[in-house]
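Please read it with the structure open beside you.

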Amino acid sequence: MADLLGVDAPLPAGHGYVLRLNEVALREVDGFTLVALAARAETSGTTLILIGDFSRRKHDLVGHIVEHHSAPAAEVFRAQLRQQLTGQCVGWCTGTCDSRCVERYVDEDCARHPLLSAYLASEPRPGEVFEIVATIARTVPKGGALAERLEQFLPLQLRERASEILDVRRGGEEVDAFPHDEVRAFRLSCAVLAGQPVTEIHRAAQRLARFDFQEPAWTSAPFRGSMLDALLGSTLGQAVNRLNDARVPGGCRIDFSPGAEPLRSALLDVAWTEWWSPKQLLDWLADLIRGDLPAVRQAAAGAIGWSATRDVQSALDVVGELARERRAGVRQAAAIVLVAMAMQPGLRTRIRTELDQWAAGQAAHLRDTVARAHSLGLARLWPESALAQLRQVAQARMQRRNNSVVRGLLEVYRNGHAASVVPALVEWTESVDPEVQLHAARTLRVLADRWSEPPREHWPELLHLVDQRTIDLADLAVLWATALSLPKTAYRSWRTLGFWLDRADQQPAVAEHCLDLLRHMIAGQPALHHRLDHQLHHVWRPVMPHHDLLDDVQRLIDEETR
């Protein structure tokens, strides 16, 4: 730069100069410097191009900057690997090699490999692409050998990128407006709270950095331009999308691009091992869960679940504290953590044991969290354990106001275990605990609203299962009798049964099953028999005066009366 600006150094006319600027030289370039360089180039009859990372200053130097858009990573990979393999035969060609084997190897063996394809879709930096090209070109692996090489190399490179993002000084970036601890915490918060408003991400970062002073006024202002560029840095800035959204505070959200999702996990991994202790991170995430925004709670819960392998006992201790909270939203987040932990094979036995203890204990909030975890999908993983644990949870009086038990049972049912759920519910109807009977009736009421898929969409799903001999008609009749008899479920259940009869009219097969069901229900049940007669004459007849099926119901009632 000094040579170009120096008046004593003549510049030969008709030449062009390309100067790459490092971080130090880049900071010295301002508008006046550009004016001086332009005048010098014009006087000497030369041209000059400065190359550097002007991204954080593009608003200051508008009109003087041309942004360079790198070629897609997949194209860089193909071009570099072809160049590295030029003149080699990689296909054991017979006779003279025409280099087509190189093209096949690059396009078919490598570029279409699932691991490599996903890696290139994340748009890694050219330098990272060169590294993987050099690794492949050394030995030209194929098939299983290529997969093994990629499985070893790609996670290491991703972790290296994550380390560079969190180590502010190592990335060669100077962030003067913010302390380094806050910048690092902000970048980790982006990984945890991806998709959330920038203001929420920054507020979470301040909690992690443990700033005790009053938040400056600009924390509630839109994070745009150079301020957000400085917080993100160039590497993370390329991996995320900034989404303008007038509906959120600050008007901007940050989310990771689809191909960069693995970087989120890598950032969490590096944070646990290099920058923060497990207690700091877990306390921070638990603090976010106790906040008021459901989306933030869910994101923080997922982060605890994913990171639990780093310190399983500490994670379980935190989940236990959250599961004892009085706020239902916090317990719901604790259930999310349990599901996320159970999805990791190495933790399943530990989580199952913990849930057994919670379900068998007397702590109502812990038992409620067990039910919530099963309703979020955990029941599909352990259907038999779910039925046993939900039975224990259903005994709690607290569950009278909640439907978590029913939703958990529905998860088991929908996962192909109707043949287990219905007999289990029949046993629940025989319980001495009224709460357990109530949950069996509530579950029947929910299941009765489900209808079969086409072409049997006119069949109630439960009757279809009876027709397929998946469940027993007698068991279904017991559940219906319970739901129709309990005060808290009777009204809705009678209405649903009337809808069944309405849909079954002019459908002989369905009508026959409905009549068989009613016959089993009222057999030996005088009170239910009387209620059915009342329902027929005072509710269904006025609403469905021309339904032939109701005549059959009347004959059934008369037969039972005799």
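1. Surface and basis. The accessible surface of the chain comes to about 27,700 Å², of which 50% belongs to carbon and sulfur atoms; areas come from the Shrake-Rupley method with a 1.4 Å probe, and for residues only the protein chains shown count as cover. This is a predicted model, in which local features need pLDDT of at least 70 and side-chain atom pairs count only at pLDDT 80 or more, while totals for chains, interfaces and linings use all residues. Residues are numbered from 1 along each chain as its sequence is written, and side-chain values use heavy atoms, with hydrogens and water left out.

2. Overall form. The chain has 28 helices and 4 strands, taken as DSSP runs numbered from the N terminus (helices H or I, at least four residues; strands E, at least two). Its radius of gyration is 34 Å, whereas a compact globule of 562 residues would have one near 24 Å; the value is taken over C-alpha atoms, and the globule rule is 2.2 Å times the number of residues to the power 0.38. Along its principal axes the C-alpha trace spans about 120 × 75 × 45 Å.

3. Buried residues make up 48% of the 562 residues, where buried means under 20% relative accessible area, exposed over 50% and partly exposed in between (1.4 Å probe, protein chains only). Of the contacts with a separation of 6 or more, 67% are between residues 24 or more positions apart, a contact being heavy atoms within 4.5 Å.

4. Aromatic pairs. A search of the whole structure finds 3 aromatic pairs; rings of Phe, Tyr and Trp (its six-membered ring) pair if their centres lie within 6.5 Å, and planes under 30 degrees apart count as stacked, over 60 as edge-to-face and the rest as tilted. One of them is the edge-to-face pair of Trp451 and Phe499, at 5.5 Å centre to centre with 80° between the planes. Trp451 lies in the loop between α22 (434-447) and α23 (461-467) and Phe499 in helix α25 (residues 487-504), so this pair ties together parts that are 48 residues apart in sequence. Trp451 is buried at 19% relative accessible area, whereas Phe499 is partly exposed at 37%. Trp480 and Trp500 form another edge-to-face pair, 5.1 Å centre to centre and 75° between the planes, which links helix α24 (residues 473-485) with helix α25 across 20 residues. Trp480 is buried at 0% relative accessibility, and Trp500 is buried at 1%.

5. The loop between α22 and α23, and α23 itself. Pro454 and Pro455 are joined by a cis peptide bond with omega about 10°, and Pro455 lies in the loop between α22 and α23. His464, in helix α23, is buried at 19% relative accessible area and, leaving aside neighbours within four places in sequence, is in contact with Ser452, Arg456 and Trp459.

6. Backbone angles. Most residues other than glycine have a negative phi, and most peptide bonds are trans. Val140, in the loop between α7 (126-139) and α8 (143-166), has a positive phi near 50° and is buried at 18% relative accessibility. Gln506, in the loop between α25 and α26 (508-522), has a positive phi near 70° but is exposed at 59%.
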